[in-house]
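Please walk me through this structure in the viewer. I would like to know what to select at each stop and what is there.

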Amino acid sequence: MTPEEQLELFTRNCVGLETREELLEKLRLGRPLRIKYGADPSAPDLHLGHSVPIRKLQQFQELGHQVVFIIGDFTGLIGDPSGRSKTRPMLTEDEIMVNAETYAQQVGKLLDVGKCEIRYNSEWFAPMSASAMLEIAGHYTVARMLERDDFSLRLRDGIPITILETLYPLIQGYDSVAVEADVEIGGNDQLFNLLVGRDIMRAYGMTPQVVMTWPLLVGTDGTEKMSKSLGNYIGITELPTEMYGKLMSIPDELMPDYYHLLLDKSRTEVKALQADIETGKLHPRQAKANLARAIVASYHSETAAQEAAEEFDRVFTQREKPSELQEIALAAGELSGGTIGIVELVLKAGFARSKGEARRLIRQGGVKLQDQVVSDEMARVAVSEGAVLQVGKRRFGQITIT
RNA sequence: GCAGGGGUGCCCGAGCGGUCAAAGGGAGCAGACUGUAAAUCUGCCGGCGAAUGCCUACGGGGGUUCAAAUCCUCCCCCCUGCACCA
């Protein structure tokens, strides 16, 4: 690929780019570039939001560039203030090591970890003298640090900002000096930190890294950015059926974003897709199914994605039972005359957390036994081996009597 | 340390002596519809009970009252302003 073609590919869908010219220049050097990506060791559960920059790394890697993964074991002790309104809790060293390991494992789903250079930033920071550390701090001003939104808002609202936190971007920036990064990429929330890296590199007499960022992926709720704590995330290690189902549950409006950021489709490709939907050539449901399938396939396999799609159609479109049913084990002693109270059965199956909840489900017509709606909460129902209990649209269980 | 403002159900947030299991929103769940676990609409949404009902719950303890989320008191925690120390 020519440098120009690479430029087009790498910068596709990115929001922050400092600078295009510099990137092209570096690509023209004809040597593998060193692409830095910083991993936050506090979040070992990677989701599709994290996958956006990681997929970019994959592209760089495939074209022969060197991915440099920085595990921020040292910086993890500080806690990144990005996008936070509160000071983050610090992690212990043990926690960080465990997290880092899990991290590498998950990243392996997308990248060839063996070809990555994995570095822990304690490597250069742990032995660093206090004076060297202070020297780094001498390269940045308070005024510039306060330009950052997180900080200026917190300052305005009287929320404390520790000096430690202001040091974070500098430390992260120094990582770029240590690994001689050509390019650093990340989510758009990292833009400030990455730009500081450029300044720090300059201060140490190096050619500043090129900075590229991508938009933060919106979660399944359609409003907030994807995050584990908001519960609107799709983990990259989730089962194919779960992943597929969650993807089918995203609001339609999110589809273009997901096509862009998760499948790296270009603007024109997505526009064409949207046009097809509008003209009725492509059913929106089909567009979403294609999306879900492609994404699931990238983490599992074509066949797994195919199966997940079929399973989904079976259960939700055709309203049939899933191919595998959860087991509801009943002891013969729990039955009298072969019957059991319906409330008790729902509870026993684990489909309700309390009797009240079970009653509610029954009253609302959400409970079926052998395809028959049971709406009387007082009912005693006859159960036999293999009978199927359904609660809502997605929960199924098959009775076994022991 | 002083002064002021707060701590309410999964989350946000109203209530400020009885009619409060506590408005409203969000999340969640169910039903209808559908193109899906989209959107929309409807309903539910502390526990136990067949039920009148009982129990638990408004930061924690104690108290006043026939009656407290609501009043008093002590304690803990958070925020704001001021002061103090370096």
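The domain bounds used on this tour come from an automatic or database domain assignment. For chain A that assignment gives domain 1 (3–214), domain 2 (240–317) and domain 3 (326–401). The model is predicted.

**Whole chain**

Begin with all of chain A selected. Its C-alpha atoms fill a box of roughly 85 × 50 × 40 Å along the principal axes. Of the 402 residues in the chain, 46% are buried. Among the contacts in chain A with a separation of 6 or more, 70% are between residues 24 or more positions apart.

Now colour the domains separately. The centres of domain 2 and domain 3, taken over C-alpha atoms, are separated by 34 Å.

**The six-stranded sheet**

Select the strands S1 to S6. These six strands form an open sheet with mixed pairing, in the order S1-S6-S5-S2-S3-S4. Strand S1 (16–18) and strand S4 (117–120) stand at the edges with a single partner strand each, so one side of each has no neighbour in the sheet. From one strand to the next, the twist averages 20°.

Zoom in on S2 (residues 34–39) and S3 (residues 66–71). The two strands pair in the parallel sense over six bridges. To follow the pairing, pick Arg34, whose bridge partner in S3 is Gln66. Then pick Ala39, whose bridge partner in S3 is Ile71.

S2 and S5 run parallel and are joined by two bridges. Here Lys36 stands opposite Glu184 in S5.

**Helix H1**

Select residues 3–11, which make up helix H1. Which residues of H1 are buried? They are Gln6, Leu7, Leu9, Phe10 and Thr11. The cover over these buried residues includes S1, helix H2 (20–28), H3 and S6. Just after H1, stop at Asn13, which takes a positive phi of about 65°.

Move to residues 255–263, helix H12. Its buried residues are Met255, Tyr258, Tyr259, His260, Leu261 and Leu262. Show the elements they pack against: helix H3 (48–62), strand S6 (210–214), helix H11 (240–248), helix H13 (267–278) and helix H14 (284–299). H3 also belongs to the cover over the buried residues of H1.

Step on to Asp264, which follows H12. Asp264 lies in the loop between H12 and H13. Most residues other than glycine have a negative phi. The phi of Asp264, in contrast, is positive, near 55°. Is Asp264 buried or exposed? Its relative accessible area is 16%, and buried means under 20%, so Asp264 counts as buried.

**The largest nonpolar core**

Select Leu48, Phe69, Ile185, Met212, Tyr244, Leu247 and Tyr258. These residues have the most contacts inside the largest nonpolar core, which has 61 residues. Helix H14 gives the largest share of this core, eight residues. Domain 1 (3–214) and domain 2 (240–317) each supply at least three of its residues.

Centre the view on Leu48. What is Leu48 in contact with, leaving aside its neighbours within four places in sequence? The list is Leu217, Met226, Ile234, Ile236, Leu247, Leu262, Ile295 and Tyr299. Leu262 is also one of the buried residues of H12, and Leu247 is another of the residues with the most contacts inside the core.

**A second core, and a last stop**

Now select Ala358, Leu369, Val383 and Leu389. They are among the 24 residues of a second, separate core.

Finish at Asp371, in the loop between strand S9 (367–369) and strand S10 (372–373). Asp371 is not a glycine, yet its phi is positive, about 65°. Where Asp264 is buried at 16%, Asp371 has a relative accessibility of 52%. Exposed means over 50%, so Asp371 counts as exposed.

Key
Residues numbered from 1 in each chain as written. Chains lettered and ligands numbered in written order. Predicted model: local features only at pLDDT ≥ 70, side-chain atom pairs only at ≥ 80, totals over all residues. Heavy atoms only, no water. Buried < 20%, exposed > 50% of the residue type's maximum accessible area, 1.4 Å probe, protein only. Helix = DSSP H or I, 4+ residues; strand = E, 2+ residues; numbered from the N terminus. Contact = heavy atoms within 4.5 Å. Pairing = 2+ DSSP bridges. Axes fitted to C-alpha atoms, helices over the stretch in contact; angles between N-to-C directions. Core = buried A, V, L, I, M, F, W, Y, C linked by side-chain atoms within 4.5 Å.
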